Amino acid sequence: MAGKKQTPLPDQQPENSKNKFIYSILVTIMTIIALLSGQYSTQHSQNQENTQNQNLTVSDAEFQVHVIDVGQGDSILIKADGKTLLIDAAESSAAPKIISYLNGQGITELDCAAATHMHADHIGGFPKVFASVRPKAMIEPVFQDSLIPTTKTYEKYLDAIQASGAEYKALKTGDAFSLGSAQITVLGPVSEHASSLNNSSLVLRVQYDDIVCLFTGDMETPEEKTILSTVDNSQLKATFLKAGHHGSDTSSGTAFLEQVQPAYAAISCGVDNKYGHPAESTLEHLKAYTDQIYITAQQGDIVFLYDKDTKACNVLTSGKE
Ligand SMILES: [Zn+2]
């Protein structure tokens with residue numbers, strides 16, 4: 001809805017019953033139009049840097065981040081000038097949802113896919129997704145040989161990449177590539193010697209025009225500290241943060257958030273998940289910087305939008321079914 005919706009004050013209510021009838025019909029029509037105006041509801045409040053524009057829609061925004069509601073796991077679609085990057089593909093059981101989401105976005109081929117790390121809730125869905133939506137390129141983090149999983153999930157993941165014919169690269173801090181006019185810098189893993197798969201997560205800094213988005217996989221505080229001591233900390237300031245490790249209290253430490261200062265934060269986790277994600281303490285840490293915290297378990301698909309011309313941001317959510 002482009003027009004402003006105003007609720008009349010009590011003394012502005014129509015007086016006679018005919019007007020009341022017309023008034024109630026108008027209110028009903030406006031409500032129906034508002035409900036039909038998209039599958040998403042708009043949420044908003046103040047953003048620290050960019051103008052919030054509640055009318056900014058998916059079709060207007062050259063840059064979009066879709067945190068797909070995949071239950072307990074991660075799958076995030078980035079669109080920059082029509083170019084696509086899918087970060088993670090959740091568990092195998094979430095693949096049908098991811099495929100239908102991508103198809104719903106008109107995507108039949110991905111410019112790039114990224115596996116943040118080799119756990120099933122991040123790579124499990126790739127084989128089925130790639131069978132429908134082929135990636136042109138595939139990236140993953142470097143990690144030490146002793147952490148190479150022996151799981152069937154990992155085997156299937158490797159087979160799926162090979163079958164897709166995608167160009168395949170392992171990246172670490174300092175590597176960079178572009179997606180449309182977005183510049184993507186790899187902040188982590190800092191080295192191939194991180195102590196765990198979570199701490200070997202691919203951490204991506206995506207800069208598009210005036211904004212920066214950070215995607216942290218399941219990075220935990222040890223790797224946050226390594227990045228803080230390695231990377232120019234001014235690189236960490238971000239408009240949008242995908243909070244690490246499903247909002248666990250093992251991630252999003254105060255020292256890291258102090259540099260990121262997110263204006264928007266998204267957490268991907270399942271309803272009533274057994275890990276208790278997101279942690280209350282993580283939410284408290286994030287609240288020190290923003291009241292724009294979105295959680296897939298509560299709000300469904302989360303779509304962050306940015307319009308280059310107006311510098312406006314917006315967040316839309318699908319709601320839960
Ligand atoms: Zn995970």
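This section describes confidence, core packing and backbone geometry in a predicted model. The protein chain has a mean pLDDT of 88, with 84% of residues at 70 or more. Residues 1-16 have pLDDT below 50, and this stretch makes nine contacts beyond near neighbours in sequence. A further segment, residues 26-48, also stays under 50 in pLDDT; for this segment the model has 27 contacts beyond four places in sequence.

The largest nonpolar core comprises 86 residues. Those with the most contacts inside this core are Ile78, Ile98, Ala114, Phe126, Val206, Cys213 and Phe304. When neighbours within four places in sequence are set aside, Val206 is in contact with Ile78, Ala182, Ile184, Val212, Cys213 and Phe215. In helix 6 (residues 221-230), the buried positions are Thr221, Glu223, Glu224, Thr226 and Ile227.

Two cis peptide bonds are described here. The bond from Gly188 to Pro189 has omega near 5 degrees, and Pro189 lies in the loop between strand 12 and strand 13. The bond from His277 to Pro278 has omega near -5 degrees; Pro278 is located in the loop between strand 16 (264-267) and helix 8 (280-287).

Positive phi values, near 50 degrees, occur at the non-glycine residues Asp81 and His245. Asp81 is in the loop between strand 4 (76-80) and strand 5 (83-87), and is partly exposed, with 13 other C-beta atoms within 10 Å. His245 is in the loop between strand 15 (240-242) and helix 7; His245 counts as buried because 26 C-beta neighbours lie inside 10 Å.

Notes
Residues numbered from 1 in each chain as written. Predicted model: local features only at pLDDT ≥ 70, side-chain atom pairs only at ≥ 80, totals over all residues. Core = buried A, V, L, I, M, F, W, Y, C linked by C-beta atoms within 7 Å. Buried ≥ 20, exposed ≤ 12 C-beta atoms within 10 Å, placed from the backbone. Contact = placed C-beta atoms within 7 Å. Helix = DSSP H or I, 4+ residues; strand = E, 2+ residues; numbered from the N terminus. pLDDT = per-residue confidence, 0-100.
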